[in-house]
Amino acid sequence: MRIRELKIRNFRKIEHLIVAFPKGLSVIVGENNTGKTTIIDALRLMLMPGRDLDALRITEDDFRDGTDFAPIEISCVFCDTTDIEEAHCQECLVDIGEGKFEIRINARVEFNKDTRRANVKMWGGETEGGSLPSNFYDRLATIYLQPLRDPESGLRPGRSSQISRLVNSLTQKEQRGEFEEIVKKANDEIRVLKPVEGARNEINEQMLKIAGNELSQQTDLVFTDPNFQRIIAGLQPLIAGLPFTLNGLGYNNLIFTAATLGTLRKSPQFAFRCILIEEPEAHLHPQLQLLLLSHLKQETESENDPVQIITSSHSPILASQAPVDSIVAVHETKSKISSISISALKLADDEKDARRLKKKLERFLDATRAELFFARRVLMVEGIAEALLMPVLARLAGGSLKESAVTVVNADGINFNAFLPLFGPGKLAIPVAILTDGDAKAVGAEASATAKGLKAQETSIANLDVEYGAITFEHELARSPRMLELMLDAFESLHPVIGKALRTTTASAATADEKADVFLKQFKDTDVSKGSFAQELSLLLEGSTLKAEDVPEYIRKSLEFLGAIPSGGSVGA
């Protein structure tokens, strides 16, 4: 069985949140302080019994601020259950129709103001008042890997080491005697060695002098206690013949994670096996992050021993390379925490179209574009030129993309439709603006069907603003006389001869629109690298005295929508 859904109420910053988990791997992404850790901790409370060292201990700080300690309420739904699992958890069953059932467990945490303690009540099923089966947690195996973890502590010899747990899960009862027999033989052979014998005699002689005949006891020296649990507690990894303590944190993190996964994989006695990992990218360089992600995905897809893996991450690399259906995006808008699960999104009415859009989204979702999952505001643009120039244009318009927490996403052409299904009611509610080209034949002519189609989506996506220039981005910039002068300088620095001639040609044009037409034609005919040109122009704009009125109006409207520049004021004020 696996977790399908988690509901949270009044837990820390979360007022009410429903999280849908896909089958297999889940990667929870979002900016800092949006509730990713709270989701993981809610799962710890529900999945790990109180006797587990990693189980969550609720304190008064966990109750939602401003609610006068309103009860924390959490419920967890398991699906894909077998008849045997349902028989063991009859008290927890919920009828979902057509003879099918799911398992639901619930928790309410109330705060006692007199004792300053939190009291947890748990029950199964839909009706409060019941109880969980006494052996419910005996059928669940959940391991938690905390953020900024110290993998050395988990690998260090001891009964709770992950190596010890893995060996224990792989050892049959009848095999334990083999371990003990080997250690007994080693003890017998070591015991008769002259240095050991001499040390033992010396200790006993000293003890006899100290305690006398009546109180002294005989001391023996052994290699280790010949007890199975103590034997495996002494195991530790050697890497390339060296102790693990000489390894870097990153590699030890991989070993620790591998041992943890191995322990769960080799524990078929549990009906549910899960690993909760905060920041799996900890201490790993990008290539190892991708290798670990690939392995985590494979572990969840095993037919014989599937393990549900739920991770939270701040890494755009992992967000971009994870299977798109594994992404669970968490965000905060107007102090309200929300989440979307990509696997649960209806991207299109037609199933074939939905699959095509999802594949397109996965193809375009590289590390840069995956930053939209960590953003508070998103500005989507057509290409590299807009992406490079928008920060300085925002500054000239009187604002700052960084200070306004605006993330610029390059859609690489007009692939906006690959990303738009992520936004709207019940999805990502953060403000998103699109800057695109109108691609009209002339200023004042009708814009392209593509531009008008994007604009029409504002009616169904309330948090969307679409703005487009008359023809192209470069043409719109060139319509501004003071901006055109700097654009000519940038062009001439890349193409001195053609640039000098272009300056003369544009000067002879009568109107601003005609000058922009001349510039755009030469820009296209010369096949200028848009990225190189944007870099040159950006440097010139940084040192310029241009004002807000020099920035094209459609760009200012987009920045106003995102809150990156003041709205409602007069241009240049």
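**Sheets, helices and cores**

User: Starting with strand 8, how many bridges join it to strand 11?

Analyst: This is a predicted model, and in it strand 8 runs parallel to strand 11, residues 272-278. The number of bridges joining the two strands is six.

User: Which strands stand at the edges of that open sheet of six?

Analyst: The sheet has mixed pairing and the order 8-11-12-3-13-14.

User: What angle does helix 1 make with strand 11?

Analyst: Helix 1 covers residues 36-47 and lies across strand 3, strand 8, strand 11, strand 12 and strand 13. With strand 11 its direction makes about 150°.

User: In the open sheet of four strands, which strands are at the edges?

Analyst: Here the pairing is parallel and the order is 16-15-17-18. From one strand to the next, the twist averages 20°. Each edge strand has a single partner, so one of its sides has no neighbour in the sheet, and this holds for strand 16 (406-410) and strand 18 (464-469).

User: Which residue is the bridge partner of Arg377 in strand 16?

Analyst: Arg377 sits in strand 15, residues 377-381. Strand 15 pairs with strand 16 in the parallel sense over five bridges. In strand 16, the partner of Arg377 is Val406.

User: Are helix 12 and helix 18 roughly parallel or roughly antiparallel?

Analyst: Helix 12 (residues 384-396) and helix 18 (residues 530-542) pack with their axes 8 Å apart, at an angle of about 10°. Angles under 35 degrees count as roughly parallel. The two helices are therefore roughly parallel.

User: How many of the residues in the contact of helix 12 with helix 18 are nonpolar?

Analyst: On the helix 12 side the contact includes Leu388, Val392 and Arg395, and on the helix 18 side it includes Lys530, Ala534 and Leu541. Three of the contact residues are polar and three are charged. The number of nonpolar ones is ten.

User: How many residues does the largest nonpolar core have?

Analyst: Nonpolar side chains tend to be buried together in soluble globular proteins. Among the residues with the most contacts inside this core are Leu372, Phe419 and Met380. Met380 touches residues including Val409, Phe416 and Ile434. Another core, of 45 residues, lies apart from it, while the largest has 58 residues.

Note on methods:
Residues are numbered from 1 along each chain as its sequence is written. This is a predicted model: local features need pLDDT of at least 70, side-chain atom pairs count only at pLDDT 80 or more; totals for chains, interfaces and linings use all residues. Side-chain values use heavy atoms; hydrogens and water are left out. Two strands pair if DSSP finds at least two bridges between them. Contact means heavy atoms within 4.5 Å. Axes are lines fitted to C-alpha atoms, for helices over the stretch in contact, and angles run from 0 to 180 degrees between N-to-C directions. Angles under 35 degrees count as roughly parallel, over 145 as roughly antiparallel, 65 to 115 as roughly perpendicular and the rest as oblique. Ala, Val, Leu, Ile, Met, Phe, Trp, Tyr, Cys and Pro count as nonpolar, Asp, Glu, Lys and Arg as charged, and the others, Gly among them, as polar. A nonpolar core is a set of buried Ala, Val, Leu, Ile, Met, Phe, Trp, Tyr and Cys residues joined through side-chain atoms within 4.5 Å. Buried means under 20% relative accessible area, exposed over 50%, partly exposed in between (1.4 Å probe, protein chains only). Lists of a residue's contacts leave out its neighbours within four places in sequence.
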